[in-house]
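Please open the structure in your viewer and keep the sequence panel beside it. At each stop of this tour you will be told what to select, and then what is to be found there.

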Amino acid sequence: MRKIVGLLLLAGLVVGSSAEAKKNEKKSSKAKVAIDYLNSNFNTYDKLQKTIWANPELGFLETNSSGLLKQHLRENGFTIEEGVGGMPTAFVATYGSGQPVIGFLAEFDALPGLSQDTVPYRKPIKENAPGQGCGHNTFGVASSAAAVSLSKWLAANKQSGTIKVYGSPAEEGGAGKVYLVREGLFKDVDVVLDWHPSSVNAVTTNGGTAMVMVDYKFYGKPAHAAGNPWKGRSALDAVEALDYMVNLLREHVPTSSRIHYVIPDGGFAPNVVPEYARVSYYIRSPKRDILNTLTEWIDSAAVGAAKGTQTRLEKEIVAGTYERLHNKTLSKVIQKNLESVGGVIYDARERKFAQELIRATGSPDSIINQAAKVLPLVEFPEEGSGGSSDVGDVSWVVPLASFGAATFVPGSPGHSWQNVAADGTTIGTKGLLNASRVFALTAVDLFTDAKLLQAVKDEFKQVVGSDFKYVPLLGDRKPALDYRVSK
């Protein structure tokens with residue numbers, strides 16, 4: 001048993017004055033019901049996460065993954081509302097009654113092309129098939145495990161309160177949570193707790209970037225590219241004209257912004273003028289107002305490309321997400337509990353596997369020790385950077401904080417086969433159960449300390465402002481349920 005968890009549950013935990021010690025002793029005693037459940041159910045959650053890992057499903061197609069989590073929650077007394085937000089694999093699982101209401105985010109979608117066996121070298125199980133490169137097989141399981149442990153705690157302590165698990169499909173580009181927010185499913189929730197698989201154990205302070213995913217579709221006229229090309233109008237020419245203009249404007253955008261694209265459809269044969277072509281863009285910025293300006297600029301370039309090539313343009317916003325707003329008060333509570341739980345301790349077999357995987361990444365051997373450590377809480381930057389997530393939209397309608405737990409081996413790059421290899425092993429299970437413990441301890445703090453809960457809510461209201469109105473960046477479009485389906 002992890003030494004630090006045992007220490008947490010001891011009645012003699014010292015944190016200052018005797019009054020504070022008694023207060024923490026009382027909290028630890030209550031939390032013990034939830035922690036004991038998690039400590040005694042390693043095999044349950046090891047099997048569940050590995051089952052999801054073995055059948056990776058892409059965004060909005062996660063029928064089996066979603067079904068397994070719903071089944072587990074239902075068997076533990078949760079009521080399930082299925083197909084919420086117009087998404088067949090989305091759900092809200094609820095346990096308890098009354099206030100406060102605490103939500104847990106649960107993702108389960110995989111990434112395309114990252115099939116990988118649980119070995120420390122590149123070995124796809126099936127070429128070009130999906131794989132859990134972002135660890136969402138552990139994500140949803142950890143959130144569900146925490147919720148079940150807290151249901152035991154609520155029952156044992158006859159505590160008023162409600163737990164909600166938000167089964168959130170298609171985080172990887174489909175923006176599933178945006179539809180949950182748009183449907184008002186977080187309206188009566190007091191706090192949402194979020195985590196993410198990582199190669200380190202740390203509270204998240206980076207707000208990331210707001211993002212719009214746009215498909216620009218051009219329609220031209222086919223013709224023989226050698227015999228009578230003057231009769232054709234190339235949709236691919238329009239795509240290339242747009243891309244050229246966008247690459248020129250990169251010089252003139254804020255350095256914190258990011259623009260990247262792929263051409264999924266560009267024609268079928270060089271001797272046929274392409275009648276149809278599609279380019280898919282991700283446009284990102286730490287600030288939504290800058291993002292909106294960039295999107296309008298690229299829209300104008302697309303219109304120009306269509307006019308210049310005498311093709312017809314259609315624009316489709318596939319997804320759009322806000323930058324994340326981290327609640328500092330709640331983040332400090334999570335930091336305290338993350339330090340109490342500690343990092344991931346490898347056994348001899350896991351350590352040997354991790355060392356081989358680290359060498360495959362080119363990282364120094366010593367980096368392996370990061371898995372057992374908890375990083376200190378760092379300053380919250382004024383401007384986020386890097387990737388985007390639909391968690392951002394949730395964070396602007398309800399207080400939210402997030403952290404990472406080491407389900408991956410230190411030094412592994414994001415969205416990599418190394419991640420798939422590690423999180424499908426007991427390393428992934430140990431990391432996800434640490435996340436569950438942090439969730440459980442934080443929820444107990446919120447359930448038992450009304451002043452803390454109010455401080456979290458007061459900070460949220462102050463930062464968001466009284467005049468804020470949530471407007472989704474993807475507009476009123478329906479979920480792009482086929483965005484991962486070959487077209």
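Select Asn327 and Thr329 at the start of helix α9, where a side-chain oxygen of Asn327 reaches to within 3.3 Å of the backbone nitrogen of Thr329. This is a polar contact, a term that stands for a pair of N or O atoms within 3.5 Å, of which, within protein, one must be able to donate a hydrogen and the other to accept it, while residues adjacent in sequence count only if both atoms are side-chain atoms. The model is a predicted one, in which local features need pLDDT of at least 70 and side-chain atom pairs count only at pLDDT 80 or more, whereas totals for chains, interfaces and linings use all residues. Residues are numbered from 1 along each chain as its sequence is written, and side-chain values use heavy atoms, with hydrogens and water left out.

Now extend the selection to the whole of α9, residues 328-341, which has 14 residues and reaches 20 Å from its first C-alpha to its last, close to the expected 20 Å; that expected span is 1.5 Å times one less than the number of residues. Helices (H or I, at least four residues) and strands (E, at least two) are DSSP runs, numbered from the N terminus. Among the buried residues of α9 are Leu330, Val333, Ile334, Asn337, Leu338 and Val341, where buried means under 20% relative accessible area, exposed over 50%, and partly exposed in between (1.4 Å probe, protein chains only). After α9 comes Gly342, whose phi is positive, near 90°.

Move on to helix α10, residues 348-361, and begin with Asp347, because a side-chain oxygen of Asp347 reaches to within 3.2 Å of the backbone nitrogen of Arg349 at the start of this helix. Which residues of α10 are buried? They are Glu350, Phe353, Ala354, Leu357 and Ile358. Seen down the axis of α10, these buried residues fall within an arc of 140°, so they line one face of the helix; the arc is that of the directions from the helix axis to the C-beta atoms. An α-helix has 3.6 residues a turn, so residues three or four places apart point the same way. Turn the view, and the face of α10 directed away from its buried side shows the exposed residues Ala348, Arg349 and Lys352. If you then display what covers the buried residues of α10, you will find that it includes α12 (417-423) and α13. The helix α10 is followed by Gly362, whose phi is positive, near 80°.

Next, select Phe104, Phe218, Leu242 and Phe403, the residues with the most contacts inside the largest nonpolar core, which has 115 residues. A nonpolar core is a set of buried Ala, Val, Leu, Ile, Met, Phe, Trp, Tyr and Cys residues joined through side-chain atoms within 4.5 Å. Helix α13 (residues 426-448) gives the most to this core, with eleven residues. A second, separate core of 15 residues includes Tyr346, Ala371, Ala421 and Ile427. Return to Leu242 and show what it touches: leaving out residues up to four places away in sequence, its contacts (heavy atoms within 4.5 Å) include Tyr216, Phe218, Val279, Tyr281 and Ile298.

Go now to Ser198, which belongs to strand β5 (residues 191-198). Is Ser198 buried or exposed? Ser198 is buried, with a relative accessible area of 16%. A polar atom of the side chain of Ser198 lies 3.1 Å from the backbone nitrogen of Val200. Apart from its neighbours within four places in sequence, Ser198 is in contact with Gly404, Ala405, Ala406, Thr407 and Phe408.

In the loop between β2 (91-97) and β3 (101-107), select Pro100, which is joined to Gln99 by a cis peptide bond with omega of about -5°. Phe60, in the loop between α3 (42-54) and α4 (63-75), has a positive phi of about 70° although it is not a glycine, and Phe60 is buried, with a relative accessible area of 6%. Gln310, in the loop between α8 (288-309) and β10 (312-321), has a positive phi of about 55°, and Gln310 is exposed, with a relative accessible area of 53%.

Finally, zoom out to the chain, which has 14 helices and eleven strands.
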